Amino acid sequence: MLQLESRQYGCLVQIAGAFKGIPREYLLKELYVEPLEIFLERCALTHVARNLAASPKTRSKILEDSASPQKSSHRTLQSHPYHVLERQSQQLRERAQERLARRDANLRPRKNIPLKASQDPKDIAKAINACAREDAEIRPEQFWRKWRTERQAHTSKDQPALWDIWGKETLRYYENLPRAQSSMLLQCRTGVGGLGTHLFRVKVADFDKCDCGEQQTAEHLFLKCTKLGKARSLLFQRLGRTTFRQLMREHTATAADWAICFFGLSQFDWTKSNLINTFTRDMLRISS
């Protein structure tokens, strides 16, 4: 499992253009990717639930054969991973059948007719998948909420990525952004990137200060750095007076372009020089 998670993490870092060392939870949440352990468990549950029509005696025989002969008591069998998986799959199948029964009741709303779910295997499989997808929204949210609480308890800076709940709405922040802009936005939202505070924290830089003497964070550069006053006035001309929260949620494309031009990160030098749009061209007149 650890090897699979490591491979997944490496792929997500490449896809997002993120810094190595960024917490896995940040990547999963910002890219809206289901945690691997939850995904694999869901696959196992749905597979078993779709095939529960097999003979109960056959399934019990499999459980008994896989258990240790010295520990084949009823209690041991009940706690066996196969048995636990089967119980959970049975619950998933029952929920799917209830879902079909409600559907049939809506399609045939007659009085005094008992609810009876469709026995078509294809219908049951679709209902099982639908119930599993509902669970796929609940469990990652629990996973994210727990990690976010722990992260907030151990950091003095509340990063923008921690403001949001788990959900596909996060993808809207990156919608239609080219790779460089989405990478910059990810750095701004997670605090893991080429700015002084992160580099100092991971012992790559000797200090965490901006040229103006304050801590170099994304929020500082966007709204407070005295060295970027002229550039900031252009940003405000475009957006009006704005807040860091609005930049990270409502004006993400503009914020990413501005950051590429004025944060001074060598990672984005090529983008700054070669991918110029009408907005960044105006800003480059200030930075030159």
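Modeller: Gladly, and keep in mind that this is a predicted model. Let's start with a pair of helices, α3 (residues 36-50) and α7 (residues 121-153).

Biologist: At what angle do α3 and α7 pack, and how far apart are their axes?

Modeller: The angle is taken between N-to-C directions, and it runs from 0 to 180 degrees. Here α3 and α7 pack at about 155 degrees, and their axes are 10 Å apart. Angles over 145 degrees count as roughly antiparallel, so α3 is roughly antiparallel to α7.

Biologist: Is the crossing of α3 and α7 left-handed or right-handed?

Modeller: The crossing of these two helices is right-handed.

Biologist: Which residues in α3 and α7 meet?

Modeller: A contact needs heavy atoms within 4.5 Å. On the α3 side you will find Glu37, Ile38, Glu41, Arg42, Thr46, Ala49 and Arg50. Their partners in α7 are Ala125, Ile128, Asn129, Ala132, Ala136, Arg139, Pro140 and Phe143. Sorted by class, this contact has eight nonpolar, two polar and five charged residues.

Biologist: How do helix α1 and helix α8 cross?

Modeller: Look at α1 (residues 2-16) and α8 (residues 179-190): their axes come within 9 Å and cross at roughly 115 degrees. Gln14, Ile15 and Ala16 of α1 make the contact with Arg179, Ser183 and Leu186 of α8. By class, that gives three nonpolar, two polar and one charged residues.

Biologist: Now a single residue. Is Glu25 buried or exposed?

Modeller: The general idea is a cut-off on relative accessible area: under 20% means buried. Glu25, which is found in helix α2 (residues 24-31), counts as buried because its relative accessibility is 14%.

Biologist: What is Glu25 in contact with, beyond its neighbours within four places in sequence?

Modeller: Those contacts are with Phe143, Trp144 and Trp147. Take Trp147: Glu25 and Trp147 are 122 residues apart in sequence, yet their C-alpha atoms are 7.5 Å apart in space.

Biologist: What share of the contacts joins residues at least 24 apart?

Modeller: Consider contacts between residues at least 6 apart in sequence: 59% of them join residues at least 24 apart.

Technical notes: Residues are numbered from 1 along each chain as its sequence is written. This is a predicted model: local features need pLDDT of at least 70, side-chain atom pairs count only at pLDDT 80 or more; totals for chains, interfaces and linings use all residues. Side-chain values use heavy atoms; hydrogens and water are left out. Helices (H or I, at least four residues) and strands (E, at least two) are DSSP runs, numbered from the N terminus. Angles under 35 degrees count as roughly parallel, over 145 as roughly antiparallel, 65 to 115 as roughly perpendicular and the rest as oblique. A crossing is left-handed if the near helix is turned anticlockwise from the far one by less than a right angle, and right-handed if clockwise. Ala, Val, Leu, Ile, Met, Phe, Trp, Tyr, Cys and Pro count as nonpolar, Asp, Glu, Lys and Arg as charged, and the others, Gly among them, as polar. Buried means under 20% relative accessible area, exposed over 50%, partly exposed in between (1.4 Å probe, protein chains only).
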